[in-house]
Amino acid sequence: MSETAIVFDIQRASIHDGPGIRTTVFLKGCLLDCLWCHNPEAVSAKPQLFFHFDKCTQCGDCAKVCEEDVHHFIDGKHTIDFEKCSLCGKCVEACNYNALKIIGKELSIDEVMREVMADFDFYSNSGGGITLSGGEPLLQFSFSMELLQRCKEMGVSTCVETSGYVSEVHLWEILPVVDILLFDYKISRSDEHRNYTGVPNDSILRNLDIAYDTGIPIILRCPVVPGISDTEHHFKSIRALDEKYPNLKGIEILPYHNIGNNKRTSIGTHETLADLNSTSPEVAAQWLEQLKELGCVKARIG
Ligand code: SF4
Ligand code: SF4
């Protein structure tokens with residue numbers, strides 16, 4: 001029987017997740033919980049209720065159909081008891097303002113392939129293909145493996161974006177069906193990595209070693225967050241990896257964007273870095289300049 005996975009988004013015509021025009025398939029579930037995550041709805045492996053506060057008119061229709069007493073209106077504010085939600089979907093249907101949705105849907109390989117193949121001509125003309133992202137796509141390993149195999153059979157180029165915090169065995173097994181690996185490098189010191197992401201980075205760096213030694217093209221993806229990872233020490237550590245792995249296909253810095261905070265509120269989790277604004281293009285350009293001055297010539301803004 002064909003595998004299924006909990007998918008939270010499929011973005012067609014994506015140009016930021018690998019070369020060319022791509023279809024990016026986002027899978028739910030991640031073992032990290034980075035403070036700056038811009039897809040916090042990806043962390044839980046399960047579907048979740050998502051509330052667009054800005055669209056809500058407080059009409060109260062959701063509360064009328066909900067049997068779990070999730071929706072409340074207190075002091076002119078619509079509050080949601082996310083813990084109680086059984087994901088029946090009745091309030092989503094009842095809301096005429098699209099203020100509610102369920103994030104994450106179980107999809108089969110065939111269903112995802114239909115979306116992916118719809119843009120096949122764009123891939124051929126642009127050097128694009130499919131990118132598996134998330135969340136951490138290797139956590140839903142059997143699905144990811146089978147989907148990538150199917151893509152290869154159909155002549156679709158494949159990228160996988162990984163946090164690197166995955167089973168070594170799974171990494172080994174999946175690399176033969178991956179054309180380009182987008183490998184995250186977040187924080188250089190392991191204790192700080194644990195503080196900011198919830199896990200240390202020792203096994204991540206081991207997995208980077210393993211992947212690099214196979215000869216697969218790797219693009220290092222480095223989120224840079226003001227006050228956390230915009231330090232000279234971290235930039236030097238990116239340069240050190242550049243020297244250690246001279247055949248890296250690319251190094252992308254991903255300037256902090258605060259989009260994740262609103263989303264955290266929408267799924268009922270605590271806000272992080274609430275006072276931190278998105279990075280301006282000028283500051284991002286300075287970071288890039290710093291990296292180039294350190295000798296990181298292949299660095300670019302991702
Ligand atoms: S039905 Fe929609 S618009 Fe009305 S109160 Fe509920 S979420 Fe808000
Ligand atoms: S999905 Fe169902 S249980 Fe959850 S809030 Fe909506 S109506 Fe209530």
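A salt bridge is a side-chain nitrogen of Lys or Arg within 4 Å of a carboxyl oxygen of Asp or Glu. Keep that in mind for what follows. This is a predicted model, where local features need pLDDT of at least 70 and side-chain atom pairs count only at pLDDT 80 or more, while totals for chains, interfaces and linings use all residues. Residues are numbered from 1 along each chain as its sequence is written, chains are lettered from A and ligands numbered from 1 in the order in which they are written, and side-chain values use heavy atoms, without hydrogens and water.

The protein chain has domain 1 (4–45 + 104–301) and domain 2 (48–103); these bounds come from an automatic or database domain assignment. Their C-alpha centres are 32 Å apart.

Now the interface. Contact, meaning heavy atoms within 4.5 Å, links 10 residues of domain 1 with 8 residues of domain 2. The two domains bury about 810 Å² between them, 61% of it on carbon and sulfur atoms. Buried area is the accessible area (1.4 Å probe) that two parts lose on being put together, summed over both. In domain 1, Gly104, Ser266 and Ile267 lose the most area to domain 2, together 56% of what that side buries.

How many salt bridges are there between domain 1 and domain 2? The count is 0.

Last, ligand 2. Its surroundings include Cys66, Cys85, Cys88 and Cys91, as well as Glu68 and His71; a residue is near a molecule if one of its heavy atoms lies within 4 Å of it.
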